[in-house]
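The sequence and the model are shown first, and the description follows.

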Amino acid sequence: MKQLTDQEIRSAFVNCTKGQAKRLFVPRDLADRPWADLDFLGWRDPGAPDRAYLVAELDDRPRALALRTPGPASWQARRSMCSLCLTAHTGGVCLMVAPRAGRAGQQGNSVGAYMCSDLSCSLYLRGRKDAGPGTRLQESLSLEEKIRRTTANLAAFLARVTE
Ligand SMILES: [Zn+2]
């Protein structure tokens, strides 16, 4: 994906208020991120471990999501698979919950999906990050097809947040 600025990321959030988008944590080292190898940029808030965010370019515009991780107890040490990139980790996947956009979100509705807890799906797919032994699914898909599938999975999740 192409590199985004702090401002572009903040204005791309679909499921939080403008005030929240202005205040939330965005990494300061954006210029050093491996954008060419990213299908989306995901990050955690180091000051608030239950918060995570991601931004992707879908339909040619950046769309960003605010996510919550509802505590480690339910997933820790359990091996599960990321629903975006289909990488399996031991303890490296967690439930991410996104408040739904607009009125539904204000009423407390949210949607959840299991994702790589560091949101580095793009790097696992490209072999730039290792998820541990025995975690690669034996598949005949090319990298390009896996990237397309991951992007489609993310677009589907985003649609559930915004519909
Ligand atoms: Zn993943």
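Two strands are said to pair if DSSP finds at least two bridges between them. Helices (H or I, at least four residues) and strands (E, at least two) are DSSP runs, numbered from the N terminus. In that sense E2 and E3 pair in the antiparallel direction, over eight bridges.

**Basis of the model**

The structure is a predicted model, in which local features need pLDDT of at least 70, side-chain atom pairs count only at pLDDT 80 or more, and totals for chains, interfaces and linings use all residues. Residues are numbered from 1 along each chain as its sequence is written. The pLDDT is the predictor's confidence in each residue, on a scale from 0 to 100. The protein chain averages 91, and 92% of the residues score at least 70. Confidence is highest in helix H1 (residues 6-10), at 98, and lowest in strand E4 (residues 79-81), at a mean of 78. Where pLDDT is low, the predicted coordinates should not be read in detail.

**Overall form**

The protein chain contains five helices and seven strands. Their order along the sequence is α-α-β-β-β-β-β-β-α-β-α-α. The C-alpha trace spans about 45 × 35 × 30 Å along its principal axes. The radius of gyration is taken over C-alpha atoms, and the globule rule is 2.2 Å times the number of residues to the power 0.38. For 163 residues a compact globule would have a radius of gyration near 15 Å, and the value of 15 Å for the protein chain agrees with this.

Two residues are in contact if their C-beta atoms, placed from the backbone, lie within 7 Å. Of the contacts between residues at least 6 apart in sequence, 59% join residues at least 24 apart.

E1 and E2 run antiparallel and are joined by six bridges. A hairpin connects E1 to E2 through two residues. Across this pair, Phe 40 has Ala 56 of E2 as its bridge partner, and Arg 44 stands opposite Ala 52 in E2. On the E3 side, Val 55 stands opposite Ala 64 in E3. The hairpin of E2 and E3 has two residues between the strands, and in this hairpin Asp 59 takes a positive phi near 55 degrees. Asp 60, in the loop between E2 and E3, likewise has a positive phi, of about 70 degrees, although it is not a glycine.

A residue is buried if 20 or more other C-beta atoms lie within 10 Å of its own, exposed if 12 or fewer, and partly exposed in between, with C-beta atoms placed from the backbone. Buried residues make up 31% of the 163 residues in the protein chain. A nonpolar core is a set of buried Ala, Val, Leu, Ile, Met, Phe, Trp, Tyr and Cys residues joined through C-beta atoms within 7 Å.

The largest such core has 35 residues, and those with the most contacts inside it are Leu 54, Val 55, Leu 65, Leu 67, Cys 116 and Cys 121. The elements that give two or more residues to this core are E1 (40-45), E2 (48-58), E3 (61-68), E6 (93-99), E7 (110-116), H4 (121-125) and H5 (143-162). E2 gives the most, with five residues. Leaving aside its neighbours within four places in sequence, Leu 67 is in contact with Ala 52, Tyr 53, Leu 54, Met 96, Val 97 and Ala 98. In soluble globular proteins, nonpolar side chains tend to be buried together.

**Selected loop residues**

| Residue | C-beta atoms within 10 Å | Class |
|---|---|---|
| Ala 36 | 8 other C-beta atoms | exposed |
| Asp 60 | 5 C-beta neighbours | exposed |
| Leu 119 | 22 C-beta neighbours | buried |
| Asp 130 | 10 C-beta neighbours | exposed |

Ala 36 is found in the loop between helix H2 (18-23) and E1. Ala 36 and Met 1 are 35 residues apart in sequence, and their C-alpha atoms are 5.9 Å apart in space. Asp 130 lies in the loop between H4 and H5. Asp 130 and Arg 100 are 30 residues apart in sequence and 32 Å apart in space, C-alpha to C-alpha. Leu 119 belongs to the loop between E7 and H4, and has a positive phi near 55 degrees, in a residue other than glycine.
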